[in-house]
Every structure is written in structure tokens, then in C-alpha cells.
Amino acid sequence: MDRRAFLRAAVPTAAVGLAGCIGGSTPTDYDVGMGAKEFRPETLEVTAGTTVTWLNTNKQGHTVTAYEDSLPDGADYFASGGFDSEQEAREAWGNSSGGTIFEGQTFEHTFEVAGEYPYLCIPHERGGMAGTVVVTEGSATESGTASTDATADETN
Ligand SMILES: [Cu+2]
């Protein structure tokens with residue numbers, strides 16, 4: 001295949017991709033924002049099966065790194081950079097700032113197992129930058145249960 005022809009053909013697609021990822025405004029559809037030294041909100045509650053999106057709303061680089069020892073039984077490890085363990089994530093950060101989420105970038109993780117998931121930002125660990133995702137049992141079909149609970153609260 002003629003390489004020049006291929007490149008010409010590929011340019012429009014690449015341009016669209018860039019517009020979607022970088023050229024656009026900061027994403028507004030996220031669950032947890034990263035400030036200078038904190039996650040907002042610090043504690044997020046979701047139902048099992050929910051995909052949580054973190055967005056770095058700050059100029060500094062941050063990480064989302066799960067505390068491995070605190071994960072619920074059977075839960076997948078998660079860390080920005082895609083590392084399989086906390087040790088791996090910490091080593092990568094120490095070696096080359098691996099796993100950094102830069103300004104305007106997002107990180108996603110889907111939580112399948114109920115329980116509490118404490119996590120931290122490695123570069124700001126000493127500043128206390130940490131958060132928790134609380135995953136409760138349930139699915140979209142349980143919205144009826146939630147409204148029942150709300151009604152019960154009102155009558156009590
Ligand atoms: Cu941080």
C-alpha cells in the first residue's frame with residue numbers, strides 16, 4: 001500500500017479523535033474530582049456494577065491507587081496506569097511517575113463487588129489525599145427499593 005495515500009486517508013480520522021479527547025472542553029460528566037490535595041467528594045457511594053469516573057480538575061498530576069490490603073474479598077485491584085497491585089503502582093510512580101492522571105484526564109473503574117474501597121493519591125499521600133468508594137448491593141432495578149426507604153424515613 002502507498003504509505004502517503006494511507007497517511008492522507010488517516011488524517012481526518014485522527015483529527016476527529018484529537019478533537020474528542022483534547023480539543024474539547026474539560027469533561028463535566030465525572031463522579032470524583034481531584035483538587036490540589038483532595039478528592040471531591042472524599043466518599044462516594046454507588047451500587048454494584050457502577051463505573052466510577054475520576055477527573056483531574058487540578059493542574060498537578062495525581063493518581064488513583066487502591067489500598068490493596070483494604071479491598072473487599074473478591075474485588076479487582078484498581079489503580080490509574082492499570083497496575084495489578086499497590087506495590088506495582090508505587091514502584092511505577094517512584095521510577096517514572098507511572099500512573100499519573102494529568103489535568104483534564106480521567107480514570108475509570110467499574111465496581112462489581114460490594115464493600116468499601118479506600119484509595120489514595122501517591123504523590124500527595126503525605127498531604128492526606130485519599131478517598132473511599134462505598135459500593136452497595138443492588139442494581140438499577142432497585143430504585144424502587146430506594147424510594148421505599150425514603151418513604152419509610154419520612155413516616156418515622
Ligand atoms: Cu494528588
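Modeller: Gladly! Let us begin with a polar contact: the side chains of His62 and Asn58 make one at 3.1 Å.

Biologist: What makes that a polar contact?

Modeller: The term stands for a pair of N or O atoms within 3.5 Å; within protein, one must be able to donate a hydrogen and the other to accept it, and residues adjacent in sequence count only if both atoms are side-chain atoms. The side chains of His62 and Asn58 are in polar contact at 3.1 Å, and the side chains of His62 and His124 are in polar contact at 3.0 Å.

Biologist: What should I know about the model itself?

Modeller: This is a predicted model, in which local features need pLDDT of at least 70 and side-chain atom pairs count only at pLDDT 80 or more, while totals for chains, interfaces and linings use all residues. Residues are numbered from 1 along each chain as its sequence is written, and side-chain values use heavy atoms, with hydrogens and water left out.

Biologist: Why is His62 called buried?

Modeller: Buried means under 20% relative accessible area, exposed means over 50%, and partly exposed is in between (1.4 Å probe, protein chains only). His62 has 0% relative accessibility, so His62 counts as buried. His124 is buried too.

Biologist: Which residues is His62 in contact with, beyond its neighbours within four places in sequence?

Modeller: Contact means heavy atoms within 4.5 Å. Among the residues that His62 contacts are Met34, Gly35, Asn56, Thr100, Cys121, His124 and Met129.

Biologist: Which atoms coordinate the copper ion?

Modeller: They are ND1 of His62, SG of Cys121, ND1 of His124 and SD of Met129, at 1.9 to 2.4 Å. Donors are N, O and S atoms within 2.8 Å of the metal (3.2 Å for Na, K and Ca), and water is not among the atoms, so sites may look incomplete. The spacing of the donor residues in sequence is H-x58-C-x2-H-x4-M.

Biologist: Why is the arrangement around the copper ion called tetrahedral?

Modeller: Four donors count as tetrahedral if all angles lie between 85 and 135 degrees; four count as square planar and six as octahedral if opposite donors are over 155 degrees apart and all others between 65 and 115; anything else is irregular. The angles at the copper ion are 99 to 125°, so the arrangement is tetrahedral.

Biologist: How many aromatic pairs does a search of the whole structure find?

Modeller: The search finds nine. In one of them, Phe39 and Tyr119 are 4.7 Å apart, centre to centre, with 70° between the planes. Phe39 is in strand S2 (residues 39-40) and Tyr119 in strand S7 (residues 115-120), 80 residues apart, so the pair links distant parts of the chain.

Biologist: What makes the pair of Phe39 and Tyr119 edge-to-face?

Modeller: Rings of Phe, Tyr and Trp (its six-membered ring) pair if their centres lie within 6.5 Å; planes under 30 degrees apart count as stacked, over 60 as edge-to-face and the rest as tilted. With 4.7 Å and 70°, Phe39 and Tyr119 form an edge-to-face pair. Both residues, Phe39 and Tyr119, are buried. They also belong to one aromatic cluster with Trp54, Phe78, Phe107, Phe111 and Tyr117.

Biologist: How do you know that Tyr67 is partly exposed?

Modeller: Its relative accessibility is 27%, so Tyr67 counts as partly exposed. Tyr67 lies in the loop between strand S5 (65-66) and helix H2 (86-96), and Tyr119 is among its contacts.

Biologist: Is His109 buried or exposed?

Modeller: At a relative accessible area of 13%, His109 is buried. His109 is in strand S6 (residues 106-111) and touches residues including Trp54 and Phe78.

Definitions and conventions
Helices (H or I, at least four residues) and strands (E, at least two) are DSSP runs, numbered from the N terminus.
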